[in-house]
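Hi everyone, and thanks for making the time. Please have a look at the sequence and the structure on the screen, and then I'll walk you through them.

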Amino acid sequence: VGYQARKITYQDHSYKIHFDNGHIVHSHTEPIIATGFDVTQNPLIEQLFQIRQSEIQLTELDESTKFPNVFLIGATVRHQNAILCYIYKFRARFAVL
């Protein structure tokens, strides 16, 4: 919390994650993403969904407004003042699975 990754480098079989406050963290496994909990900073989300004022724009069916049949589930899915949790939306949409 409060850290922002600025750069990730690979050297001597280790990844170094450089933060804006000067801290460096070492990892032997490749970092997947360094956006924290702000999904609007995720490059895939930026490509697939329209973002307005730090909120992902969805249809009433939680579908992308840019691409049909691309859906979003998770805590960022909201309807009016209700934040719908991941488990509820997952069970409702993917009950067959």
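I'll begin with the overall picture and then go through some individual residues.

First, a word on the ground rules. This is a predicted model, in which local features need pLDDT of at least 70, side-chain atom pairs count only at pLDDT 80 or more, and totals for chains, interfaces and linings use all residues. Residues are numbered from 1 along each chain as its sequence is written, and side-chain values use heavy atoms, with hydrogens and water left out.

So what is in the chain? The protein chain holds two helices and seven strands, and reading along the sequence gives the pattern β-β-β-α-β-β-β-β-α. Helices (H or I, at least four residues) and strands (E, at least two) are DSSP runs, numbered from the N terminus.

How confident is the predictor? pLDDT is its confidence in each residue, from 0 to 100. The protein chain has an average pLDDT of 79, with 77% of the residues scoring at least 70. Among the elements, strand E2, residues 14–19, has the highest mean, at 93, while helix H2, residues 86–93, has the lowest, at 51.

Now for the surface. Of the 97 residues, 21% count as buried. Buried means under 20% relative accessible area, exposed means over 50%, and partly exposed is in between, with a 1.4 Å probe and protein chains only. The accessible surface of the chain is about 7,900 Å², and 55% of that belongs to carbon and sulfur atoms. Those areas come from the Shrake-Rupley method with a 1.4 Å probe; for residues, only the protein chains shown count as cover.

And contacts? Contact means heavy atoms within 4.5 Å. Taking contacts between residues at least 6 apart in sequence, 6% join residues at least 24 apart.

Let's zoom in on strand E2. Five of the six residues in E2 are buried, so the strand is mostly covered, by the cut-off I gave you. E2 pairs with strand E1, residues 5–11, in the antiparallel sense over six bridges. For pairing, DSSP has to find at least two bridges between two strands. One example is Thr9, which stands opposite Lys16 in E2. E2 also pairs with strand E3, residues 24–27, again in the antiparallel sense, over four bridges. There, Ile17 has Val25 in E3 as its bridge partner.

Where does His18 sit, buried or exposed? His18 is in strand E2, and its relative accessibility of 18% makes it buried. Leaving aside neighbours within four places in sequence, His18 is in contact with Gln4, Ala5, Arg6, Lys7, Thr9, His23 and Ile24.

Next, the turns. E1 and E2 form a hairpin with two residues between them. Asp12 lies in that loop between E1 and E2, and its phi is near 55 degrees, a positive value in a residue other than glycine. For background, most residues other than glycine have a negative phi. Asp12 is also exposed, at 67% relative accessible area.

E2 and E3 form a hairpin too, with four residues between them, and Gly22 in the turn has a positive phi of about 95 degrees. Gly22 is exposed at 56% relative accessibility. Gly22 and Tyr3 are 19 residues apart in sequence, and their C-alpha atoms are 9.7 Å apart in space.

How many salt bridges are there? The count comes to one, where a salt bridge is a side-chain nitrogen of Lys or Arg within 4 Å of a carboxyl oxygen of Asp or Glu. The partners are Asp20 and Arg6, with their closest N and O atoms 3.6 Å apart. This pair links distant parts of the chain, 14 residues apart: Asp20 is in the loop between E2 and E3, and Arg6 is in strand E1. Asp20 is partly exposed at 40% relative accessibility, whereas Arg6 is exposed at 56%.

Two last stops, further along. Ser54, in the loop between strand E4 (51–52) and E5, has a positive phi of about 65 degrees although it is not a glycine. Ser54 is exposed, at 61% relative accessibility.

Finally, Gln57 lies in the loop between strand E5 (55–56) and strand E6 (78–79). Not counting residues up to four places away in sequence, Gln57 touches Phe49, Gln50, Arg52, Glu63 and Thr65.

Terms used:
pLDDT = per-residue confidence, 0-100.
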